[in-house]
Amino acid sequence: AEGSFPVTYNTGDKVKHGSSYTFTVTVDPQQQSVDRMQVSVNGNLLAIPAPTGNDTQRTYTFTVKNVTKDQDVQVSGIESRAYNVALRPEGGTIVGNSINTYTYGEVTELPTAERTGYAFAGWFENEAVASSTNISATETGDKTYYARWTANTYTVKYHDNDSFATESIAETTAGTYGQSVTLKAGPEKYKDGVGSDVANAQFLG
C-alpha cells in the first residue's frame, strides 16, 4: 500500500485452493481522500465496496473468491484530503498569491493584505480565536478567514505663521484615518511687530 494507510490481511497465510479470503483498507476521511483509490489483486482491479464506520474512520472490506494462486494485493491512490479556504479582506487587498485550498498534512502559509489608511492586524476565523499566519498540518475542515484592520493615527500640528498671537493654542491634535478632526480655535488677539495691539485683527483659519 502507498504511504502509511493501513491494509490488514495476513501476509503469508495459506489459503486453500478454490477458497476465499478477505482484507480491509481503513482510512480517516477527515485526513485522507479515496476519490482516486485503486485496489488490485494480481493486477486485476477490484470494485470499491461501500465503507462502514463513521466520520473519523471508514473501512473498506474486500473479498477475493476462488483462489488458485499466490495473491499480490496492491492499494494506491489514497491521498491527503484537500479543503477549501475563503479569504475575506474586508475592504483591503490581498498581497501576492491568494489561496483557495489547503491539504491535510501540509503547513499552508496565509498571505498578507493591505488597505489604505489601515494596518493589517491578521486573519481571524472569529472573535474568540487569535490571529493566524498559517494553517497547521493537523487542521481539517473548510476555513473562512476575515482580515482585521487597525486604523492609522495621525498628528495635526499647528503653526502661528509668525502672527504675533497673544494667545497660545495647543500644538497638536490627534486624528484617526477615516474620522473627521475638529481643529482648535485660533487666537483672537494679535500684536504687531513692535508689540502694539492690532485693531480688528481676525483669525481666518
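Trainee: Which residue lies over the face of Tyr 118?

Mentor: A charge sits over a ring if NZ of Lys or CZ of Arg is within 6 Å of the ring centre and within 35 degrees of the ring normal. Here Arg 115 lies over the face of Tyr 118, at 3.9 Å from the ring centre. Likewise, Arg 148 is over the face of Phe 124, at 3.5 Å from the ring centre. Keep in mind that this is a predicted model, where local features need pLDDT of at least 70 and side-chain atom pairs count only at pLDDT 80 or more, while totals for chains, interfaces and linings use all residues. Residues are numbered from 1 along each chain as its sequence is written, and side-chain values use heavy atoms, with hydrogens and water left out.

Trainee: How many aromatic pairs are there?

Mentor: A pair of aromatic rings is described by the distance of the centres and the angle of the planes. Rings of Phe, Tyr and Trp (its six-membered ring) pair if their centres lie within 6.5 Å; planes under 30 degrees apart count as stacked, over 60 as edge-to-face and the rest as tilted. By this rule, the count is five aromatic pairs. One of them is stacked: Phe 23 with Phe 62, 5.1 Å centre to centre and 15° between the planes. Phe 23 lies in strand β2 (residues 21–27) and Phe 62 in strand β7 (residues 58–64), so this pair ties together parts 39 residues apart in sequence. Strands are DSSP runs (E, at least two residues), numbered from the N terminus.

Trainee: Is Phe 23 buried or exposed?

Mentor: Buried means under 20% relative accessible area, exposed over 50%, partly exposed in between (1.4 Å probe, protein chains only). Phe 23 has 1% relative accessibility, so Phe 23 counts as buried. Phe 62, at 2%, counts as buried too. For the chain, 25% of the 205 residues count as buried.

Trainee: In what order do β4, β5 and β8 form a sheet?

Mentor: Two strands pair if DSSP finds at least two bridges between them. These three strands form an open sheet in the order β5-β4-β8, with antiparallel pairing. β5 (44–45) and β8 (73–76) stand at the edges with a single partner strand each, so one side of each is left without a neighbour in the sheet. Strand β4 (residues 38–41) pairs with β8 over four bridges. As for a bridge partner, Gln 38 has Ser 76 in β8.
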